[in-house]
Amino acid sequence: QFERAVLFATFVDKVISPDVKVTEADGLAYYEKHKAQLTAPEMFKLDGFAFASPADAQGALEKLKSGTDFTWLRTTAPGQVPPEQRALQFDGRTVSAGTLAPELAKALTGARAGEYRLYAAGDAEVYVIRVLEQTPPSTKPYVDVRETIVKRVYGEKMNRAIADYAAKLRKAQRVDVLLARIAL
């Protein structure tokens with residue numbers, strides 16, 4: 001089995017691989033066709049604290065919207081869940097919207113820097129979240145993804161070349177398939 005693998009790899013390197021080339025035009029065409037897959041997700045930098053009841057969280061949100069200082073309110077607001085007991089920690093780190101819980105991502109939909117949102121993580125945890133920064137989703141520039149694209153296009157072309165070569169062999173000689181698929 002090892003010998004067959006080495007022979008096949010050598011055959012591919014010597015016979016098929018030299019004819020497989022990826023041009024800049026191939027890379028750009030792939031980029032244009034797959035832009036949706038080459039998009040950086042929406043990013044947030046969040047800060048927040050939790051309350052044991054929705055009423056306390058709503059009261060804190062109203063105070064923040066009326067101009068109360070976030071840091072002061074975080075240290076003085078009654079009814080907060082102690083930091084060590086919170087299921088989530090919002091400490092100003094940047095996070096991808098794709099890694100957030102779906103309900104939290106939904107709560108942050110349309111949020112911009114400087115806005116406040118409520119998020120109920122459970123019955124006894126309602127968070128007041130401050131959006132420090134929001135970066136909208138964006139397509140990565142071609143130069144940043146060029147290397148990845150070249151590898152993908154090369155792999156696709158190589159697979160196509162091997163399939164074409166196999167088709168030529170099948171035309172020249174009858175092939176008996178003794179075992180089609182094995183399901184484990």
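**A guided look at a predicted model**

Trainee: How many bridges join β4 to strand β5?
Mentor: Keep in mind that this is a predicted model. Strand β5 covers residues 125–135, and β4 and β5 run antiparallel. The number of bridges joining them is six.

Trainee: Which residue in β5 does R117 stand opposite?
Mentor: Strands of a sheet pair through backbone hydrogen bonds, either parallel or antiparallel. Here β4 and β5 are antiparallel. Opposite R117 stands a residue of β5, namely I129.

Trainee: Why is the pair of F70 and Y116 stacked?
Mentor: The model has seven aromatic pairs, with ring centres within 6.5 Å as the rule. The centres of F70 and Y116 are 6.1 Å apart. Planes under 30 degrees apart count as stacked. The pair is stacked because the angle between its planes is 20°.

Trainee: How many residues apart are F70 and Y116?
Mentor: F70 lies in helix α4 (residues 70–76), while Y116 belongs to strand β4. Both residues are buried. The pair links distant parts of the chain, and the separation is 46 residues.

Trainee: Which residues form one aromatic cluster?
Mentor: Start from the stacked pair of F70 and Y116. This cluster holds both of them, together with two other Phe residues. Its members are F49, F51, F70 and Y116.

Trainee: What kind of aromatic pair do F90 and Y127 form?
Mentor: F90 sits in the loop between α4 and β3, and Y127 in strand β5, 37 residues apart. Their rings are 5.4 Å centre to centre, with 80° between the planes. Planes over 60 degrees apart fall into one class, and for this pair it is edge-to-face.

Trainee: Is F90 buried or exposed?
Mentor: The cut-off for buried is under 20% relative accessible area. F90 has a relative accessible area of 11%, so F90 is buried.

Trainee: Which element gives the most to the lining of the largest pocket?
Mentor: This pocket has a volume of about 190 Å³. Residues lining it include F90, D91, R93 and Y119. By class, the lining divides into eight nonpolar, two polar and two charged residues. With four residues, the element that gives the most is β3.

Trainee: Which element gives the most to the lining of the second largest pocket?
Mentor: About 160 Å³ of space lies in this pocket. Its lining has five nonpolar, no polar and five charged residues. The elements giving two or more residues are α1 (2–16) and α6 (142–172). With five residues, the top contributor is α6.

Trainee: What separates the C-alpha atoms of I149 and A29?
Mentor: I149 is found in helix α6 and, at 0% relative accessibility, counts as buried. Along the chain, I149 and A29 are 120 residues apart. Their C-alpha atoms are separated by 10.0 Å.

Conventions:
Residues are numbered from 1 along each chain as its sequence is written. This is a predicted model: local features need pLDDT of at least 70, side-chain atom pairs count only at pLDDT 80 or more; totals for chains, interfaces and linings use all residues. Side-chain values use heavy atoms; hydrogens and water are left out. Two strands pair if DSSP finds at least two bridges between them. Rings of Phe, Tyr and Trp (its six-membered ring) pair if their centres lie within 6.5 Å; planes under 30 degrees apart count as stacked, over 60 as edge-to-face and the rest as tilted. Buried means under 20% relative accessible area, exposed over 50%, partly exposed in between (1.4 Å probe, protein chains only). On a 1 Å grid over the protein atoms alone, a cavity is a set of points where a 1.4 Å probe fits but cannot get out, and a pocket is an open set with protein on both sides within 12 Å along at least five of seven lines; lining residues have an atom within 4 Å of a point. Grid points are joined across faces, edges and corners, and a volume is the space filled by probe spheres set on the points. Ala, Val, Leu, Ile, Met, Phe, Trp, Tyr, Cys and Pro count as nonpolar, Asp, Glu, Lys and Arg as charged, and the others, Gly among them, as polar.
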